[in-house]
Amino acid sequence: TAAFSRNLTGNSAYAYNATGIRTTDIYLMLAECYAREGDIANAIAMVDAVRIKRISAFTPSTATDTRSAMTLVMNERRKELLFGFNRFLDQRRLGVDPDYAITVTRVFPLMDVTRPHITYTLKPNSFLYTIPIEQSIMQGNLNLKENTNDAKNW
């Protein structure tokens, strides 16, 4: 259909897959598996297989241990899987892994100096990583309970 034959600007016959699984995702999943197993050479090979297609002045990646290989893989996932839901899912799943959990901090507004800046922090175990069950669904089925142990009110 016409909706799938346009890019983000709507003026080309290019379709960007922002919701399905892509080859890049498979390569980076495999790279993460290799890195977690301690197979640094294969983890780097998978990341470089993605990077060589994207970077014209490509230089091979380096990592010396599992931690640096995982950092390489996660940074590449952050860049490559930008427009889908993958970044949220990565932060959610890595939030339970103490070795790779991160706290995200942002200051808003970015450019407006006339308003006071507010710093927002999202901790790895935050209830905001839990997608709430729609209230109308919960009202239709009284056996459902909120999918969080937090006392926060949605």
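In this predicted model, the axes of helix α1 (residues 23-37) and helix α3 (residues 66-80) come within 9 Å and cross at roughly 165°, where axes are lines fitted to C-alpha atoms, for helices over the stretch in contact, and angles run from 0 to 180 degrees between N-to-C directions. This angle makes α1 roughly antiparallel to α3, since angles under 35 degrees count as roughly parallel, over 145 as roughly antiparallel, 65 to 115 as roughly perpendicular and the rest as oblique. The crossing of α1 past α3 is left-handed, a term used if the near helix is turned anticlockwise from the far one by less than a right angle, whereas clockwise gives a right-handed crossing. The secondary structure of the chain comprises five helices and two strands, arranged along the sequence in the pattern α-α-α-α-β-β-α; helices (H or I, at least four residues) and strands (E, at least two) are DSSP runs, numbered from the N terminus.

Of the 154 residues of the chain, 27% count as buried, where buried means under 20% relative accessible area, exposed over 50%, and partly exposed in between (1.4 Å probe, protein chains only). Because the model is predicted, local features need pLDDT of at least 70 and side-chain atom pairs count only at pLDDT 80 or more, while totals for chains, interfaces and linings use all residues. Residues are numbered from 1 along each chain as its sequence is written, and side-chain values use heavy atoms, with hydrogens and water left out.

Side chains of opposite charge can pair when their charged atoms come close. Eleven salt bridges are found in a search of the whole structure, each being a side-chain nitrogen of Lys or Arg within 4 Å of a carboxyl oxygen of Asp or Glu. In helix α1, Glu 32 and Arg 36 are four residues apart and therefore separated by about one helical turn, and their side chains meet in a salt bridge (2.9 Å, N to O). Glu 32 counts as buried at 7% relative accessibility, whereas Arg 36 is partly exposed at 39%. In helix α3, Lys 79 and Glu 76 lie three residues apart, about one turn of the helix, and form a salt bridge with an N to O distance of 3.6 Å. Here Lys 79 is partly exposed, with a relative accessibility of 48%, while Glu 76 is buried, with a relative accessible area of 5%. Salt bridges that share partners also join Asp 25, Glu 32, Arg 36, Arg 77, Asp 90, Arg 93 and Asp 97 into one network.

Strand β1 (residues 104-108) contains Phe 108, which is partly exposed with a relative accessible area of 37%. The peptide bond from Phe 108 to Pro 109 is cis, with omega near -5°, and Pro 109 is placed in the loop between β1 and β2 (118-122). Phe 108 also contributes, with Leu 110, Met 111, Ile 118 and Tyr 120, to a nonpolar surface patch of about 600 Å². Such patches are made of residues with over 30% relative accessible area and no salt bridge, like charges being joined within 9 Å and nonpolar side chains (Val, Leu, Ile, Met, Phe, Trp, Tyr) within 5 Å; accessible areas come from the Shrake-Rupley method with a 1.4 Å probe, and for residues only the protein chains shown count as cover. Val 107 also lies in strand β1, and its C-alpha atom is separated by 6.2 Å from that of Tyr 120, 13 residues apart along the chain.
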